[in-house]
Amino acid sequence: MTREEFKFYEEKYAPKIEAIRQSAHELHQSVNQTYGDNLPYGFHLDMVAHGISNFGYLVCRSEEDVLPLFFGGYYHDSIEDARQSYNDVMRTGRGFLTEEQAFTATEIVYALTNDKGRTRAERAGEKYYRGIRETPYAPFVKLCDRLANVTYSCTMSDNGINSHMREVYKGEMHHFLHSIDPHSADTRFLVPNEVVYALAEILIDEVDRDEIRRQWGEY
């Protein structure tokens, strides 16, 4: 899909995307979830959706998949953080989407839900990444989620948590990218270079950025 086509469909469905946005914001507010320096969690959701808006044309296969992409972005943390079940998300999706679209969107959300675990590594282990690799659009939405988190950690207040997370994200960079990439010719599973390079531009110093570009281009 071209950038122009994706933007056309985004504008066509703008009222419904905004309704999905408001619904997701209200859900996370209802469980008092915040983000970063005590911001509403919707701040993060909007950053993820911004990535989808900017880069979604690179992966979106058809008009029918535009709304599921945005729903997946806005609801990606709803099971993990907002006390929703798979069936809850599916029910909400049906209120905005067709049955097939709701299934696509809910599968994205489910794939991006961390496993149970005592540590970060246990919560995002091989089973978790395999689920992302096997789910249409999940690699891309996960990449937009990571781009949003990295952008916040690197550009907002330089507190101890952000400094720590910058190092965590930098250390995970190669493993994360390789873990979410199924190397599929199907555009719905792509990990677009443009988003990878945007991530590297924010997170990595100039020397390492060149290495990321070289390795990722050869991988």
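So, H4 passes H7 in a right-handed crossing. Keep in mind as we go that this is a predicted model. H4 covers residues 66-74 and H7 covers residues 99-111, and the two pack at an angle of about 35 degrees, with their axes 8 Å apart. Who's doing the touching? On the H4 side you've got Leu 67, Pro 68, Phe 71 and Gly 72, and from H7 come Gln 101, Thr 104, Ala 105, Ile 108 and Val 109. If you sort that contact by class, you get six nonpolar residues, three polar ones and no charged ones.

Okay, on to another pair of helices, H2 and H3. H2 is residues 14-30, H3 is residues 42-55, and their axes come within 9 Å and cross at roughly 145 degrees. The crossing of H2 past H3 is right-handed. Here H2 brings Arg 21, Ala 24, His 25 and His 28, and they meet Gly 42, Leu 45 and Asp 46 in H3. The class count for this contact is two nonpolar, three polar and two charged residues.

Now let's look at one side chain, Glu 172, which sits in helix H11, residues 160-180. Which residues does Glu 172 touch, if we skip anything up to four places away in sequence? Those would be Arg 120 and Arg 146. With Arg 120, the Glu 172 side chain makes a polar contact, side chain to side chain, at 2.6 Å. With the side chain of Arg 146 there's another polar contact, at 3.1 Å.

Last topic, the cysteines. Buried or exposed, then, for Cys 60? Its relative accessibility is 2%, so Cys 60 counts as buried.

As for accessibility, Cys 154 has a relative accessible area of 25%, so it's partly exposed.

Note on methods. Residues numbered from 1 in each chain as written. Predicted model: local features only at pLDDT ≥ 70, side-chain atom pairs only at ≥ 80, totals over all residues. Heavy atoms only, no water. Axes fitted to C-alpha atoms, helices over the stretch in contact; angles between N-to-C directions. Helix = DSSP H or I, 4+ residues; strand = E, 2+ residues; numbered from the N terminus. Left-handed = near helix turned anticlockwise from the far one by under 90°. Contact = heavy atoms within 4.5 Å. Nonpolar A, V, L, I, M, F, W, Y, C, P; charged D, E, K, R; others polar. Polar contact = N/O pair within 3.5 Å; in protein donor to acceptor, adjacent residues only side chain to side chain. Buried < 20%, exposed > 50% of the residue type's maximum accessible area, 1.4 Å probe, protein only.
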